[in-house]
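Visitor: I would like to learn how to read a protein model, one feature at a time. Could you take me through this one?

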Amino acid sequence: MLILKNINKYFPLEEGQFCALNDVSLAIEKGECTIIAGANGSGKSLLMSIIAGLEEPSSGTVDCKARVGLVFQEPDAQILGETPREDIAFGPQNMGLSKTEIAKRVQSALEQTGLADRAGFPARSLSGGEKRRLAAAGVLAMDAEIIIFDEPYANMDYPGVVQINRLLKKLIADGKTLIILTHELEKCLALANRFIVLCKGKKVFDGAASQALLCDLESWGIRHPLSSPAQKHEELVWL
Ligand SMILES: Nc1ncnc2c1ncn2[C@@H]1O[C@H](COP(=O)(O)OP(=O)(O)O)[C@@H](O)[C@H]1O
Ligand SMILES: [Mg+2]
């Protein structure tokens, strides 16, 4: 569904250049839930921008026929409408859909994200978790097939994390292809089937999510998620 081949991204420095992504190749199948983990600055957001076509790689190819929706780290930057209903309608309106189709999609996105009772509230008054779900509702209304969540747990309290995870679980059950960019494995590892690690722009691990705990995560700047050795991979999710 998504194939990246030999992606490099360089930024010019005063002297020479900085390699932000170094020969990254990966393939993601339909219906997978992939965590891309990595310390700050490892290249996660940049990779997301390249997948979505917002940034051009310096070299390499992106093969993606699917519609990609992004849920940015800062939901405030993504919310444009005065109310959730108005905000969710922007995407479908830009797609030139009929009024009935727009109304149908907005209602469905509100229901899928659990925001139906907030539809007419001032968008600015929503909680952090609600805002992130609103951003997700916007991409659902545009019928995105691949949804990328950039640091969905940033600045989120426990109820906020649980709200996001319930939504992620539902999207997985609905067959969406999800990519979660995060280093907070204790909050979501059990939701994923696939685990990829970026370290300083290089892909250093790509395998089953159940293998993640066998990795030397600290050497890649990622906190090991187990709070006790008896804990199991399946328990690593806040729900
Ligand atoms: N437009 C840019 N110009 C220069 N450097 C950039 C630019 N965008 C990203 N970078 C650099 O690329 C690296 C990866 O950034 P990013 O993808 O945001 O990391 P992450 O999301 O994993 O924290 C960082 O070192 C960042 O400073
Ligand atoms: Mg980032």
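This is a predicted model: local features need pLDDT of at least 70, side-chain atom pairs count only at pLDDT 80 or more; totals for chains, interfaces and linings use all residues.

Visitor: How many helices and strands does the protein chain have?

Guide: Helices (H or I, at least four residues) and strands (E, at least two) are DSSP runs, numbered from the N terminus. In the protein chain there are six helices and nine strands. Its radius of gyration is 18 Å, close to the 18 Å that the globule rule gives for 239 residues, so the chain is as compact as a globular protein of that length; the radius is taken over C-alpha atoms, and the rule is 2.2 Å times the number of residues to the power 0.38.

Visitor: Which domains does the assignment give?

Guide: Domain bounds come from an automatic or database domain assignment. Here the assignment gives domain 1 (2-66 + 145-235) and domain 2 (77-137), and 26 Å separate their centres, taken over C-alpha atoms. Two residues are in contact if their C-beta atoms, placed from the backbone, lie within 7 Å. The contact between the domains takes 10 residues from domain 1 and eight residues from domain 2. On the side of domain 1 that touches domain 2, helix α6 (residues 158-173) gives the most, with six residues.

Visitor: Which residues have the most contacts inside the largest nonpolar core?

Guide: A residue is buried if 20 or more other C-beta atoms lie within 10 Å of its own, exposed if 12 or fewer, and partly exposed in between, with C-beta atoms placed from the backbone. A nonpolar core is a set of buried Ala, Val, Leu, Ile, Met, Phe, Trp, Tyr and Cys residues joined through C-beta atoms within 7 Å. The largest has 64 residues, and those with the most contacts inside it are Ile35, Ala137, Ile147, Ile148, Leu189 and Ala192. Helix α5 (residues 128-141) gives the most to this core, with seven residues. Domain 1 and domain 2 both give residues to this core, so it lies between them. Leaving aside neighbours within four places in sequence, the contacts of Ile35 include Ile180, Leu189 and Phe195.

Visitor: Which residues are around ligand 1?

Guide: A residue is near a molecule if its C-beta atom, placed from the backbone, lies within 6 Å of it. Around ligand 1 are Phe11, Ala20, Gly38, Asn40, Gly41, Ser42, Gly43, Lys44, Ser45 and Leu46, and helix α1 (residues 44-51) gives the most to this shell, with three residues.

Visitor: Is Pro152 buried or exposed?

Guide: With 28 C-beta neighbours inside 10 Å, Pro152 counts as buried, and Pro152 is found in the loop between β6 (146-150) and α6. The C-alpha atoms of Pro152 and Glu74, 78 residues apart along the chain, are separated by 9.0 Å.

Visitor: Which residues are buried in helix α3?

Guide: In helix α3 (residues 84-94), Pro84, Arg85, Asp87, Ile88, Ala89, Gly91 and Pro92 are buried. The cover over the buried residues of α3 includes α4 (99-112) and α5. After α3 comes Gly96, whose phi is positive, near 75 degrees.

Key. Residues are numbered from 1 along each chain as its sequence is written. Chains are lettered from A and ligands numbered from 1 in the order in which they are written.
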